[in-house]
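Hi everyone, thanks for making time.

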Amino acid sequence: MSRLSTLPRPRESVFTGGFDPYRGDVNVVCPPNLRECVLAMEDCCEEAHEAQQLLRNGTFDLPRMRKVLESQRVFLLIDEGTVHRYKADLADEIEPQINELIDRAEKGLNALNRREGLIQSKVEVAQAMQSRVATAPTSNKREERRLQMLAKQRRRLEDEVKVLESEILALQHTKPKRT
C-alpha cells in the first residue's frame, strides 16, 4: 500500500449543506482499472517525493561545493638555476639564526661542564671528609648526625653528577655539525 493512501482523508466541508454526492451514481462500483490508476498515481507521487528528498540532500551544500570547485591550482615549471638561487637565498637567510642557536647550545654545554666540575669537586670534598671522619672515632651524637648529613649530601651530589653527565652526553649527541 502506498504512503498517500494511508494518509487521512480531507476534512468535511465547513458549509452547512455538506457533501452532496451525485445521486445518479449511488449504486455504481468503482472499476478496478480506475483503482489501479489511483494506486499507480500514488506510487508515482511517492517516487517523486523520494527523488526530491534525495536531490535536496545531495544539493543542500551546493554554494560551498561551487566555491571549492571554482578554486584552481596553477603549477609553474621553473628551471634548476632558479631553484638553486632560491635555495641559496633561504640558506643565507636562516644561517645566522642557526649559528646563533649553535653558539647558545655551546655556551649552555660549557655552563653545564662548569657546573659538573663544581659538583664533582664538592663530591670529592665530601668523600674526603667522610673518609677522614670514618677513620676518626665519633665522640658524640652531634658528629654522628653531621656525618649522616654529609653522607646524604654526598649521595645527592653523586646523583646530580650522573644527571649532568647524561645531559652533557645528550647535548653532545644532538649537537649539529657546522659546515
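I'll start with the overall layout, then go through the salt bridges and finish with the surface.

First, a word on where the numbers come from. This is a predicted model, so local features need pLDDT of at least 70 and side-chain atom pairs count only at pLDDT 80 or more, while totals for chains, interfaces and linings use all residues. Residues are numbered from 1 along each chain as its sequence is written, and side-chain values use heavy atoms, with hydrogens and water left out.

Okay, the layout. What does the secondary structure come to? Four helices and zero strands. Helices and strands here are DSSP runs, numbered from the N terminus, with at least four residues of H or I for a helix and at least two of E for a strand. Going along the sequence, you get the pattern α-α-α-α. Helix 2 covers residues 62-70, and helix 3 covers residues 80-135.

There's a record to go with this. UniProt, in an unreviewed entry, lists residues 140-174 as "coiled-coil region". Its positions are given in the numbering used here, feature names are shortened, and annotations may be inferred rather than shown by experiment.

Now, how much of the chain is buried? Of its 179 residues, 12% count as buried. Buried means under 20% relative accessible area, exposed means over 50%, and partly exposed is in between, using a 1.4 Å probe and protein chains only. You'll find L109 in helix 3. Its C-alpha atom is separated by 7.2 Å from that of L171, although L109 and L171 are 62 residues apart along the chain.

On to the salt bridges. How many does the structure hold? Three. We call it a salt bridge when a side-chain nitrogen of Lys or Arg is within 4 Å of a carboxyl oxygen of Asp or Glu.

Let's take R115 and E160, where the closest N and O atoms are 4.0 Å apart. R115 sits in helix 3 and E160 in helix 4, residues 141-174, so this pair ties together parts that are 45 residues apart in sequence. R115 is partly exposed at 45% relative accessible area, and E160 is partly exposed too, at 27%.

Next, E158 and R154 form a salt bridge with 3.1 Å between the closest N and O atoms. Both lie in helix 4, four residues apart, which is about one turn of the helix. Then there's D61 with R64, at 2.9 Å between the closest N and O atoms. R64 is partly exposed, at 48%.

Finally, the surface. Patches are made of residues with over 30% relative accessible area and no salt bridge, joining like charges within 9 Å and nonpolar side chains (Val, Leu, Ile, Met, Phe, Trp, Tyr) within 5 Å. Which residues form the nonpolar patch? L62, M65, V68 and L69, with about 360 Å² of accessible area together. Those areas come from the Shrake-Rupley method with a 1.4 Å probe, and for residues, only the protein chains shown count as cover. M65 is in helix 2 and is partly exposed, at 32%.

There's a patch of negative charge as well, where D89, D92, E93 and E95 gather. Asp and Glu count as negative and Lys and Arg as positive, with His and the chain ends not counted. The place of a charge is taken as NZ of Lys, CZ of Arg, CG of Asp or CD of Glu. E95 belongs to helix 3 and counts as partly exposed, at 40%.
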